[in-house]
Amino acid sequence: MITDNLWMIQIPSHKVSQHYARQTIPTWDCEVNLFDAFTPDHMPDYLTFDKFWGQRDFSETEKAGFYSHLALWQKCYTEDKPISIIEHDVVQRKKDMPVIGDFFAFADFEDEDNWRNYSTRFKGHPYWGTDEPLCPVTHAYYMTPDVAESLFFSVMIYPITKFVDDYMWEFMGQDKDKIISYASPIYYDDIGGTMKHE
């Protein structure tokens with residue numbers, strides 16, 4: 001079961017991030033450890049970012065988000081302990097959350113309205129756009145240390161041309177059976193998000 005070593009990526013000084021975190025943390029039955037996300041003013045620089053899907057530059061918040069996930073992958077494999085990672089805008093929907101493999105996502109859209117509300121921001125994206133209800137796997141996922149280490153070093157080999165969830169989805173073999181509905185993302189237009197997608 002997903003009951004321990006669960007980490008939420010959030011930004012302590014960001015009003016929008018904290019607005020979502022205040023709503024989502026109480027929905028989780030297990031302890032939620034808080035990871036302070038990197039921000040454009042405070043992030044590493046060990047990755048080489050090329051054009052996003054060959055089209056545009058990465059935004060600074062996209063780079064910071066990428067580094068935030070990688071930092072938790074490093075934590076996973078250096079501590080040699082499986083980890084569950086969630087973002088600040090994810091609510092738990094099911095009480096029992098069995099581990100189904102060494103790498104899988106466990107957030108999906110609650111219904112079609114939830115999907116359309118969320119995904120219209122990514123229109124035209126080859127994975128997360130509006131063609132089908134496919135939830136970006138970065139929202140909530142479980143990984144073992146072996147997966148974390150393999151994935152971490154695989155993204156370091158070449159310049160970055162996709163966002164972190166795109167690499168993760170490809171590493172999962174784009175297998176829809178690896179997206180389980182234990183949780184759901186929430187998004188409010190009037191509140192917005194913390195990441196700028198050009």
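Visitor: What do the buried residues of helix 5 pack against?

Guide: Start with the words. Helices (H or I, at least four residues) and strands (E, at least two) are DSSP runs, numbered from the N terminus. Buried means under 20% relative accessible area, exposed over 50%, and partly exposed in between, with a 1.4 Å probe and protein chains only. Contact means heavy atoms within 4.5 Å. Now the case: the buried residues of helix 5 pack against helix 2, strand 5, strand 6, helix 4 and strand 7 (179–185). This is a predicted model, where local features need pLDDT of at least 70 and side-chain atom pairs count only at pLDDT 80 or more, while totals for chains, interfaces and linings use all residues. Residues are numbered from 1 along each chain as its sequence is written, and side-chain values use heavy atoms, with hydrogens and water left out.

Visitor: How many of the residues of helix 5 are buried?

Guide: Six of its eight, so helix 5 is mostly covered under the burial cut-off. The buried ones are Val164, Asp165, Asp166, Tyr167, Met168 and Trp169. After helix 5 comes Gly173, with a positive phi near 75 degrees.

Visitor: At what angle do helix 4 and helix 5 pack?

Guide: First, how it is computed. Axes are lines fitted to C-alpha atoms, for helices over the stretch in contact, and angles run from 0 to 180 degrees between N-to-C directions. Here the angle is about 120 degrees, and the axes are 11 Å apart. That makes helix 4 oblique to helix 5. Angles under 35 degrees count as roughly parallel, over 145 as roughly antiparallel, 65 to 115 as roughly perpendicular, and the rest as oblique.

Visitor: Which residues meet there?

Guide: From helix 4, Val147, Ser150, Leu151 and Val155. From helix 5, Tyr167, Met168 and Phe171.

Visitor: Which residues touch the most other members of the largest nonpolar core?

Guide: A nonpolar core is a set of buried Ala, Val, Leu, Ile, Met, Phe, Trp, Tyr and Cys residues joined through side-chain atoms within 4.5 Å. The largest one here has 42 residues, and Phe66, Trp73 and Met143 touch the most other members. Elements giving two or more residues to this core include strand 1 (6–10), helix 2 (60–79) and helix 4 (145–156). Helix 2 gives the most, with nine residues. Apart from this core lies another, of 18 residues, among them Met8, Cys30, Phe104 and Phe106.

Visitor: What does Trp73 touch?

Guide: Skip residues up to four places away in sequence. Then its contacts include Ile85, Tyr141, Met143, Leu151, Phe152 and Met168.

Visitor: Is Tyr77 buried or exposed?

Guide: Tyr77, in helix 2, has 17% relative accessibility, so it counts as buried. Beyond four places in sequence, Tyr77 touches Pro145, Ala148, Glu149, Phe152 and Phe153. Tyr77 and Phe152 are 75 residues apart in sequence, and their C-alpha atoms are 9.4 Å apart in space.

Visitor: Why does Glu62 count as buried?

Guide: Because its relative accessibility is 0%. Glu62 is also in helix 2. A polar contact is a pair of N or O atoms within 3.5 Å; within protein, one must be able to donate a hydrogen and the other to accept it, and residues adjacent in sequence count only if both atoms are side-chain atoms. The Glu62 side chain makes one with the side chain of Arg56, at 2.8 Å.
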